[in-house]
Amino acid sequence: MTTLPTPAMRPARPEFSSGPCAKRPGWNPQVLQNAVLGRSHRSKLGKARIQEAITRTREVLEVPDDFLIGITPGSDTGAVEMALWSMLGPKPIQMLAFESFGKDWVTDVVKQLKLPAEVLDAPYGELPDLTKVRPDADLIFTWNGTTSGVRVPNADFISADREGITICDATSAAFAQALDWAKLDVVTFSWQKALGGEAAHGVLILSPRAVARLESHTPAWPMPKLFRMTKSGKVSLDIFEGATINTPSMLCVEDAVDALKWAASIGGLAEMQRRADANLGALAEWVAKTGWVEFLAADPACRSNTSVCLKVVDPRVTGLSDDAQADFAKKLASALEKEGVALDVGGYRDAPPGLRIWCGATVETSDLEALTPWLDWAFATTAAALQPA
């Protein structure tokens with residue numbers, strides 16, 4: 001096979017990692033110059049800056065006024081596990097597992113907390129049967145499968161009259177997809193995803209129903225300090241008013257505030273969602289005319305507009321062994337990285353071999369349009385090295 005010539009255009013920013021994700025356009029270290037450094041996070045100034053991050057999150061993400069917002073340790077994982085350890089037990093449990101993080105939450109609930117749970121699963125690229133979701137059970141699910149490129153299309157499968165609570169890992173959906181707050185009781189995400197912020201911190205959002213569960217339920221297991229959200233049977237409101245359970249990085253807080261200011265300046269949530277949709281559209285246009293690649297998520301209604309997962313369907317590759325296909329995908333990503341045109345775009349280690357390209361709002365559509373000829377070039381170059389059958 002003849003290799004393609006090297007494309008003339010290069011993405012201005014080659015950062016397409018699915019976490020930590022690309023910084024917002026125009027970011028530079030100077031935006032952190034007013035960070036509250038060398039001061040206690042519990043000082044008046046420190047608490048005010050943390051509260052600013054919470055207030056701006058509510059405004060940009062359009063969180064209802066009666067929901068609580070707190071900053072947690074441990075990134076999105078910490079926020080999810082705080083909810084699991086604190087709230088589960090009183091009701092039957094259902095879990096949706098269609099990618100690696102959803103499966104991690106199954107491990108937490110079934111093997112660590114040792115609670116019985118009905119697991120509704122599906123292969124990578126597909127959703128479980130959402131008609132099986134029960135209104136009498138607590139539901140734990142990922143809104144957007146970061147490692148599978150699949151998202152729930154909406155929250156219609158959740159009953160408005162549910163008895164259980166919903167715990168939604170929305171880390172790669174928040175700010176890019178329309179979260180239905182009326183159907184969600186716990187929502188978690190991390191700054192490192194759609195905001196392009198720094199890692200290590202999570203955000204935990206609680207509905208009044210979630211607060212009621214916290215105040216009416218005492219877990220049967222010991223609670224680590226990092227997970228404790230109540231005191232004397234009441235939610236510790238200071239956690240959601242600028243205090244934190246442990247010491248946060250004020251540099252990371254400053255970076256999150258900057259990202260939220262940028263989001264507001266471009267038009268808020270609607271514009272962030274539009275940008276992500278446009279980015280997915282640029283890749284979809286290319287996939288539609290490209291024979292060697294397809295979306296891992298076959299159904300467009302369930303296709304992520306942030307963590308876009310692609311699979312190689314060329315018969316020269318699909319005819320290889322599983323290990324050889326995985327090796328081909330690694331070489332494909334490596335070729336792109338060596339040219340400096342796409343960094344960290346290999347598929348997730350537990351997902352089918354392929355590419356994963358972040359398309360959240362901090363990525364420019366023009367960079368994705370410049371990337372697609374390089375994807376063709378990398379495939380042609382890597383495929384040319386395959387030994388003939």
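Analyst: Cys21 is buried, at a relative accessible area of 6%; buried means under 20% relative accessible area, exposed over 50%, and partly exposed in between, with a 1.4 Å probe and protein chains only. This is a predicted model, in which local features need pLDDT of at least 70 and side-chain atom pairs count only at pLDDT 80 or more, while totals for chains, interfaces and linings use all residues. Residues are numbered from 1 along each chain as its sequence is written, and side-chain values use heavy atoms, with hydrogens and water left out.

User: How many disulfides does the structure hold, and why?

Analyst: A disulfide is a covalent bond between the sulfur atoms of two cysteines. The criterion is a pair of cysteine sulfur atoms within 2.5 Å, and the structure holds 0 disulfides. For Cys21, the closest cysteine sulfur is that of Cys359, which at 10 Å is too far for a bond. Cys302, buried at 13% relative accessibility, has its closest cysteine sulfur in Cys309, 14 Å away and likewise too far for a bond.

User: What is the strand order in the open sheet of 3 strands?

Analyst: Strands of a sheet pair through backbone hydrogen bonds, either parallel or antiparallel. Here the order is β12-β13-β14, with antiparallel pairing; strands (E, at least two residues) and helices (H or I, at least four) are DSSP runs numbered from the N terminus, and two strands pair if DSSP finds at least two bridges between them. The edge strands, each pairing on one side only, are β12 (293-295) and β14 (355-358). Between β12 and β13 (residues 307-312) there are 3 bridges, and Val293 lies opposite Val312 in β13.

User: Which helix packs on the sheet?

Analyst: Helix α6 (residues 268-288) does, touching β12, β13 and β14, where contact means heavy atoms within 4.5 Å. Its direction makes about 135° with that of β12; axes are lines fitted to C-alpha atoms, for helices over the stretch in contact, and angles run from 0 to 180 degrees between N-to-C directions.
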